[in-house]
Amino acid sequence: MDKRRFVVNLVSNFFSALSGVGISFFLTPYIVAHLGKEAYGFFPLSNNFVMYAGIITTALNSMSSRYITISLEKKDIKEVNTYFNSVLFGNIIISLGFAVVSAIFCFFIDQVLDIPANLVYDVRLLFIFIFFSLVINVSSAVFQVTAFALNRFDKLALINIISNVLKLSAIILLFYFFTPKIYFLGVTTAATALYMLVANYRLTKKLLPEVQIDWSFFSKSALYVIVGSGVWNSVMAMANVVNTQLDLLIANHFFGASGMGFLSLTKFIPNAIYILLGIIVPIFLPEMLKAYANNDMSKLKKTLDLSFKAIFLVVLVPLSVFFVYGEVFFRLWLPTQDAHALHILSVITLVPFIVHGTVETVYHVFVITNKLKIASFWGIFISIFNFVLVIVLCKYSSLGVYAIPIGALVSGVLSHLTFTPLYAAYCLQESRWYFFKKIVRGLAGFSLLIVLSYGWKQLNLFAVDTWLMFVVNCMAIGLVLLVVTLFMNFDSTTRGDIFRKVRQKVKI
C-alpha cells in the first residue's frame with residue numbers, strides 16, 4: 001500500500017482518537033466529583049443504546065463501503081450513485097423509525113431503568129439529545145463512505161478532531177456558566193452530530209463531485225443486494241452488542257445505579273482501545289478490498305500482516321504498561337474511588353481483547369470475502385452463551401459486579417481461540433493453523449512486554465505519585481517496549497529504514 005498515505009492516515013487518525021479519549025479523560029473525574037458516579041453511569045449507558053440501534057443500521061451501512069469502493073475501482077460512476085443514493089434514502093427511512101421508538105422510550109424511561117428520583121428529569125433529557133444525535137448520524141452515515149473508498153482517512157480524522165474540540169469547548173462553557181447537569185453531554189453530542197453532518201457532506205462533494213443526491217438513482221434491487229449481504233453483519237453486530245454493550249444495562253438491573261456507575265468507570269480504557277481500533281483498523285480495509293477485487297491474495301495477506309503489526313505497536317504496547325501500572329493510573333485519575341477494584345475490573349475486561357487484538361483485522365476477512373452467514377450463526381451462539389453465563393453469575397454467585405466482565409472473559413476467549421481463526425483461515429483457503437500461529441506469536445510478544453514492564457516497576461526508578469512522574473515513567477518504559485517491539489515484529493530491512501528516517505529527522 002502507499003506508505004506515505006498509510007502514515008498520514010495513521011498519524012491523523014491517532015490524533016483523532018487522542019482528542020476523543022482526551023474528552024473522557026478530563027471530563028469523567030469532573031462529572032464524578034460534581035454529579036456522582038451514579039449520574040455519570042447514564043452517559044455511557046445512553047451511548048450503549050445507540051449501539052443497540054446500530055444493530056439495525058449495520059445491515060445497510062456495513063456493506064455500503066464494500067460496494068461503493070468496488071464500483072469506484074471499476075470507475076463505474078453510475079453504479080456508485082446508485083449504491084450511494086440507495087443507502088442514503090434507506091438510512092433516512094430507518095432514522096424516521098428510530099425517532100418514533102426513541103420518543104416512546106424517553107417517555108417511559110423511568111419505568112425501564114433504575115434511576116434515582118432526583119435524576120429522572122436530567123436522564124430523560126440526556127437520552128432525548130443522544131437519540132436526536134443518533135437520528136442525525138444514521139441519516140448521514142453514507143457521507144463518510146467516499147473518504148473511506150478513496151483512502152482519505154486523514155480527512156475524516158480532521159473532522160473528528162474538530163468535532164471533539166468543539167464538543168470539549170461546549171462542555172467547558174456549559175459546566176462553567178451553568179449548574180452542572182448530566183444532559184449537557186447530550187446537548188454537546190447532538191450539536192457535534194450536526195457539525196459532522198455538514199462537514200462530511202461537504203467532504204463528499206469535494207472528494208467526489210460526481211456523486212449526486214437524486215431520488216432517481218434510488219434502486220430497490222441495489223438496496224436488497226447491500227442489505228442481503230449486510231444482514232449477517234447485523235447479526236454479528238447484535239452478537240457484539242450482547243457480548244460488550246449490555247453490561248451496563250445488566251449492572252443497572254442487578255446492582256442498581258451505583259453498581260452500574262462503578263462498572264462504567266472501568267470502561268474508559270476499553271473504550272479508548274476500541275476508539276483507537278475503530279480508526280486504525282479501517283485504514284487497511286480499502287487496500288484489502290482492492291486486493292481481493294483484483295484477486296491479489298498475496299497483497300491481501302501482506303496487508304493483513306502489516307495491520308497485525310500496526311495494532312500491536314499502537315495498541316498492545318500501551319496496554320502492557322497499563323496492565324502493570326493501571327492501579328496507579330486510577331489512583332491518580334479518580335482519587336475518591338477504589339483504584340484496586342477499578343484496575344482489576346479493567347484487566348478482566350481487556351483479557352479477551354488481548355487475545356483477539358493480535359489479529360483484530362481478521363474480522364474484515366468475513367466482510368471482504370462476503371462469507372458472513374456462518375460467522376453470524378457463531379456470533380449468535382457465543383452471544384447467547386455469554387448472556388446466559390453472565391445472568392447466572394450475577395444471580396447465583398457472590399462475585400457481585402465482577403460477574404459481568406468474568407462472564408464476558410470466558411465467552412470471549414472461547415470464541416477468539418476457536419471459531420474466529422479457524423473460519424478466517426478457511427475463507428482465505430489457508431492452513432487451519434495460519435492465524436493460530438499469529439495469535440500465539442502476538443500473545444508471546446505481549447507476555448514479554450508485561451514481564452519487562454513488571455521488571456521495570458520493580459527497579460523503582462521513578463516515584464510514580466504525581467501525574468508528571470507517571471507520564472515520565474510511562475514514556476520511559478514505553479520507549480524501551482517500542483524498541484523491543486521493533487525487533488520482535490519487523491525485519492532488519494524495515495528496522496533499518498525506520499532508524500534511518502528517525503536519524504534524519506533528529507539530525508543525528
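Q: In this predicted model, why is Asn-460 called exposed?
A: Asn-460 has a relative accessible area of 57%. The term exposed applies over 50%, so Asn-460 is classed as exposed. Asn-460 is placed in the loop between H19 and helix H20 (467-489), and its phi is near 55°, a positive value in a residue other than glycine.

Q: What makes Gln-429 exposed or buried?
A: The relative accessible area of Gln-429 is 72%. Buried would require a value under 20%, whereas exposed requires one over 50%; Gln-429 is therefore exposed. This residue belongs to the loop between helix H18 (419-427) and helix H19 (434-459). Gln-429 also has a positive phi, near 55°, although it is not glycine.

Q: Why is Val-112 called partly exposed?
A: Val-112 has a relative accessible area of 49%. Val-112 is located in helix H4 (residues 109-112) and contributes to a nonpolar surface patch of about 500 Å² together with Val-100, Ile-104, Phe-107 and Phe-108. Helix H3 (residues 77-107) supplies the largest share of that patch, three residues.

Q: Why is H13 described as largely enclosed?
A: Of its 37 residues, 26 are buried, so H13 is largely enclosed by the rest of the structure.

Notes. Residues numbered from 1 in each chain as written. Predicted model: local features only at pLDDT ≥ 70, side-chain atom pairs only at ≥ 80, totals over all residues. Heavy atoms only, no water. Helix = DSSP H or I, 4+ residues; strand = E, 2+ residues; numbered from the N terminus. Buried < 20%, exposed > 50% of the residue type's maximum accessible area, 1.4 Å probe, protein only. Patch = residues over 30% accessible without salt bridge, like charges linked within 9 Å, V, L, I, M, F, W, Y side chains within 5 Å. Areas by Shrake-Rupley, 256 points an atom, 1.4 Å probe, with all protein chains shown as cover. Salt bridge = Lys/Arg side-chain N within 4 Å of Asp/Glu carboxyl O.
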